[in-house]
Every structure is written in C-alpha cells, then in structure tokens.
Amino acid sequence: MTTLPPGLLPEGLRDRLPPEAGAASRLLRVVQDCMHGFGYERVSPPMAEFEEGLAGRLKAGQGRDLLRIVDPVSRRTLALRPDITAQVGRIAATRLAHRPRPLRLCYGGAILKLHATQLRPERELLQVGAELIGTDTVPAVREILRLAVDALAAAGVEDITVDLTLPDLVQTLAATSLPIPSDRVEQVRAELDEKDAGAISALGAEAYLPLIGAAGPFDAAMEKLRAIDDGGALKTRLDALEEIAGPIAGKAALTLDPTERHGFEYQSWVGFSLFGKGISGEIGRGGSYTILHQDGAEESAVGFSLYIDPLIDAGLGRKDAPRLFLPLGTPDNEAAAWREQGWRTVAALSESDGGEALGCTHHLIDGEARPY
C-alpha cells in the first residue's frame, strides 16, 4: 500500500478554512434564528444510526445513498446519515410521540453522501432545515415555504426563486382522467421527468405529452395545467397551489414544473426547490411527506432542507470585523474594553510577534487603534 500524501482527504471531503469556516457558523446561526422566530425547536440527531432505522422511517424513502459501517459494539450495521429529515421523523415518532401536534422542529449539521454529483462534487455538506409534523395542509405548506424564503433572505440570498412541483401528479391522473396500466405509471413518470416525448408516445401515454409544456413561470404554467385538466381531477390540487403561492409572490419568483420528480422520491402531493441569484444549482428543497410509525401508522408532515455550502461558496456569511493587534503587556481590562466595542483582538505573546503578519488591520499605539 502506497503512503498517502500529507493532508490528503477522501474524495468529496474537504477542510473549511478561514474565512469560510466562520461563514458557515454564522449562516447556520442566522438561518436557525429565523426558524426559532417561527416557533421551531431545535433537535440534534447523531451522525450515525442503525441502518434499518435510518432507511425505513419515511414512506417511499430508500437507502441507496447510505455509507455503511459495522458497529464493533452492537455488531449491527450502522449508516452515516445522507439526510437529517428521516432522523427528525424518527425523533417525532418515538421520543416526541407524546407531544401535541403540529410539532415544529428544526435542525442543522453535517451529512455525508455516498456519491457526489457533477454539480456538487462535495460528499460532506452542511444541511439545515425545519419540519412541521402532524399536518400537510395548505396552511402548513404556506408556513414552511414562507419560512424557507425568509431564512434564505436572512442569510443574504437575493432574487430567490421557488420552483413548485406535484410529485404524485401522474398517479393522480392515471387513476382518474388519464388512465394508463398500473405497470406503466413509473415508466411514464420517469420519461416525463426526462421530458422525453418519444419515449412517452412509445408507452402509449400520448395524453400526457402536454404536461411537458406545462412548465415555466407559475401563472402561465397553471393556466396550461387547468386547460389539460378537463375532468377536474387536479382542481383541488391546483387551487391549493395558488393558495400556497399567494403569500410569497412578492418575496420570490415562482415557477412550476409539474412533472419534476428527481430528488422528490419521498414527497407526496407537493414539492419545491429553491434557487438564488449567483448561486449554482439548488440551495434547498422541501415538500409534504409521510412519516411511518413503528405500529404501521402514518403521519403527515411538511418541511424543507437548505444546503449551506453553496451559500458559503457564493461569499455569503463572511464578516470582516477589524482585528486589533495588542502589544506585549497590554492589560487584560483594556483588551476586554476593545472587544466590547466590537473589535477582534490579537495579543502579542512575544516581542517577535507582528500584528500585520498575523492578519491584523490595526495596531494599538498610545491607547489608539491605528491602521497598518
């Protein structure tokens, strides 16, 4: 076995250095303070759990992205979390099962993906989010979406875009106004997601082709969907989307892609993705879903997750507070007084220490802070 070069990390993992590490902490705090203001209480699940508990808590959830290890104590398989939502579902269904609903919980921490993507080559990410457990009604979705937009705005994200989707659209239409054989539903869903008109026609689902064109700015997309929905199978769903969109119309741009399903594998009737100006790719997603209890009972929920790393890479969260170099022998009370004024102080530990070399912007001379 060859010797690893010093400092080499596994693929997709990285060190966060100054000032990015500081930005990460500040962004986490800002976003969670916003959630706290909406009445959400923080939980902090562990980085690893028993595999069966992590993979099977959400209805339609899957364990494809789990990095597994064997626990030498229990000799059972553990999984490192690729997402915190399922852990919050476990907490709600077990330790907080006695709490009145709706239950508002929030979280923040590191996750580890089994595989990276071309758009985001990192496998370790910072995830922060909120879950409203016990309901997935229109008012619940409106609250969650408003919170997600407000949290991103508080973090400094500009020109926020919300892209709404209907994850169970094909199943709904297949069971009502646009029937297709049950064994073709998943295939049609997949081809609609890929926008492959030829493959959809080959499956005998030509009636679904207009859905491909019903994507774009929210109002225009809704008009097209209502025209497609002659039988009224989607009326309740579309009315709900308009109620949800209303309160955020002035805070974010709204788009609708009714057949988007990538990343919405466990969402039920509504889902959404979040984007921001100058930030590559998605910065968050959410929607309604179902939590499975140990006795087989199902509980509705709605929530969202934001990913802090794209915000850091875009330069958000940085705070360039001035750094004041304190000469050797500066009294502690004098140093504390400067910190109370908002300065960051760097004290000399020897005569050879130099403030400019240590990254200071000012030095203390005769009781005054003078720039270098």
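In which hand, left or right, does helix 1 pass helix 4? The crossing is right-handed, the term applying where the near helix is turned clockwise from the far one by less than a right angle. Helices here are DSSP runs of H or I of at least four residues, numbered from the N terminus. The model is predicted, with local features requiring pLDDT of at least 70 and side-chain atom pairs pLDDT 80 or more, whereas totals for chains, interfaces and linings use all residues. Residues are numbered from 1 along each chain as its sequence is written, and side-chain values use heavy atoms, without hydrogens or water.

The axes of helix 1 (residues 20–37) and helix 4 (residues 138–154) come within 9 Å and cross at roughly 145 degrees; axes are lines fitted to C-alpha atoms over the stretch in contact, with angles from 0 to 180 degrees between N-to-C directions. Val30, Val31, Cys34 and Met35 of helix 1 meet Leu147, Asp150, Ala151 and Ala154 of helix 4, contact being defined as heavy atoms within 4.5 Å.

Met35 is also among the residues with the most contacts inside the largest nonpolar core, which has 71 residues. Such a core is a set of buried Ala, Val, Leu, Ile, Met, Phe, Trp, Tyr and Cys residues joined through side-chain atoms within 4.5 Å, where buried denotes under 20% relative accessible area (1.4 Å probe, protein chains only). Helix 4 provides the largest share of this core, 10 residues. A second, separate core of 20 residues includes Val88, Leu96, Leu105 and Leu125.

In helix 6 (residues 185–194), the buried residues are Val185, Val188, Arg189, Leu192 and Asp193.

Key
Buried means under 20% relative accessible area, exposed over 50%, partly exposed in between (1.4 Å probe, protein chains only). Helices (H or I, at least four residues) and strands (E, at least two) are DSSP runs, numbered from the N terminus.
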